[in-house]
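Please read the following account alongside the sequence and the coordinates.

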Amino acid sequence: MRSINAPADIRPWFTSINDLPGTIRWPEFWGNSNPVELDVGCGRGLFVDAASAARPDTNFLGLELDLKEARRAGARLWRRKAPNGRIISGDATMILKFQVEPHSVDAIHVYFPDPWWKHRHRKRRIFTDEFADLCATLIKPGGFLHSWTDVKDYFEVIEALMNHHSMYEAQATPEEKSPEHDLDYRTSFERKKRMLGLPIYRGLWRRKID
């Protein structure tokens, strides 16, 4: 389960939900008061790694249920000793509900969430009214929620939910740019789908100012 060349303990770049003390106090967690953005279901951590390198004045935290993938993401950050990138392994919904302070994050990113294809499993999809409400309590007024997927019908569900939510304002569709290199994608899943010539559906919503 270890990533190649990474020691067993790669904290603070990778930790478990079980290691959290309770409510996360961002200045203590990061050692600074910079803006914080969350990547829910970060997978192998390509977005957290790239964004934290490109925007050193913002802290990026990835949340990932799959322990193996989360550790792999943490190892990316450990290799370059990223000061502003971290990964927590655990149930993202539980972390968001019980361990993140209200109105303390500048953005939440949800890229290529599991579509749970079978109809009887769709209740497991992360985008629900409850999730949209929860994000609205965590994102600072004026902050953003980003979501991309390659599944058209799932995007239509997300778009309808977010566009009709009283606490969000739909923004212009994020531009699809040509990658400059093999890692110049939002996630490894985006890279895979775009190399197959498949469309990516992108959404951006601003949390209204109360």
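**Packing, rings and backbone**

At 8% relative accessibility, phenylalanine 155 counts as buried (buried means under 20% relative accessible area, exposed over 50%, partly exposed in between, with a 1.4 Å probe and protein chains only). This is a predicted model, in which local features need pLDDT of at least 70 and side-chain atom pairs count only at pLDDT 80 or more, while totals for chains, interfaces and linings use all residues. Residues are numbered from 1 along each chain as its sequence is written, and side-chain values use heavy atoms, with hydrogens and water left out.

Helices (H or I, at least four residues) and strands (E, at least two) are DSSP runs, numbered from the N terminus. The ring centres of phenylalanine 155 and tyrosine 201 are 6.0 Å apart and the planes are at 25°, so the pair is stacked. Rings of Phe, Tyr and Trp (its six-membered ring) pair if their centres lie within 6.5 Å; planes under 30 degrees apart count as stacked, over 60 as edge-to-face and the rest as tilted. Tyrosine 201 is partly exposed, with a relative accessible area of 21%.

Helix α6 itself comes next. Its 12 residues (152-163) should span 16 Å at 1.5 Å a residue, and the end C-alpha atoms are 16 Å apart, which agrees; the expected span is 1.5 Å times one less than the number of residues. The buried residues of α6 are Tyr154, Phe155, Ile158, Leu161 and Met162. They cover an arc of only 130° around the axis, which puts them on the same side of α6; the arc is that of the directions from the helix axis to the C-beta atoms. These buried residues pack against α5 (129-138), β6 (139-149), β7 (168-170) and β8 (201-207), where contact means heavy atoms within 4.5 Å. Tyrosine 154 also takes part in a charge-ring arrangement: the charged end of arginine 125 sits over its ring, 4.2 Å from the centre. A charge sits over a ring if NZ of Lys or CZ of Arg is within 6 Å of the ring centre and within 35 degrees of the ring normal. Likewise, the charged end of lysine 81 sits over the ring of tryptophan 13, 5.7 Å from its centre.

Which residues have the most contacts inside the largest nonpolar core? They are Trp26, Leu96, Val105, Ile108 and Met162, in a core of 34 residues. A nonpolar core is a set of buried Ala, Val, Leu, Ile, Met, Phe, Trp, Tyr and Cys residues joined through side-chain atoms within 4.5 Å. Two or more residues come from each of α1 (26-30), β2 (36-40), β3 (59-64), α4 (92-98), β5 (105-111), α5, β6 and α6. The largest share, six residues, is that of α5. Leaving aside neighbours within four places in sequence, tryptophan 26 is in contact with Gly31, Asn32, Val36, Leu38, Leu61, Val100, Ser104 and Val105. A second, separate core has 20 residues, including Phe14, Ala73, Ile87 and Trp148.

The structure holds eight aromatic pairs. In one of them, tyrosine 111 and tryptophan 148 have ring centres 5.3 Å apart and planes at 70°, so the pair is edge-to-face. Tyrosine 111 lies in strand β5 and tryptophan 148 in strand β6, so this pair ties together parts that are 37 residues apart in sequence. Tyrosine 111 is buried at 3% relative accessible area, and tryptophan 148 is buried at 5%. Ring pairs link Phe47, Phe60, Tyr111 and Trp148 into a cluster.

Some backbone features remain. Phenylalanine 112, in the loop between β5 and α5, has a positive phi of about 55° although it is not a glycine; this residue is buried, with a relative accessible area of 12%. Histidine 103, in the loop between α4 and β5, has a positive phi of about 50° and is not a glycine either. At 34% relative accessibility, histidine 103 counts as partly exposed. A cis peptide bond joins arginine 11 and proline 12, with omega about 5°, and proline 12 is in the segment before β1.

Alanine 6 lies in the segment before β1 (14-16) and counts as buried at 8% relative accessibility. Beyond neighbours within four places in sequence, alanine 6 is in contact with Arg71, Ala75 and Trp78.
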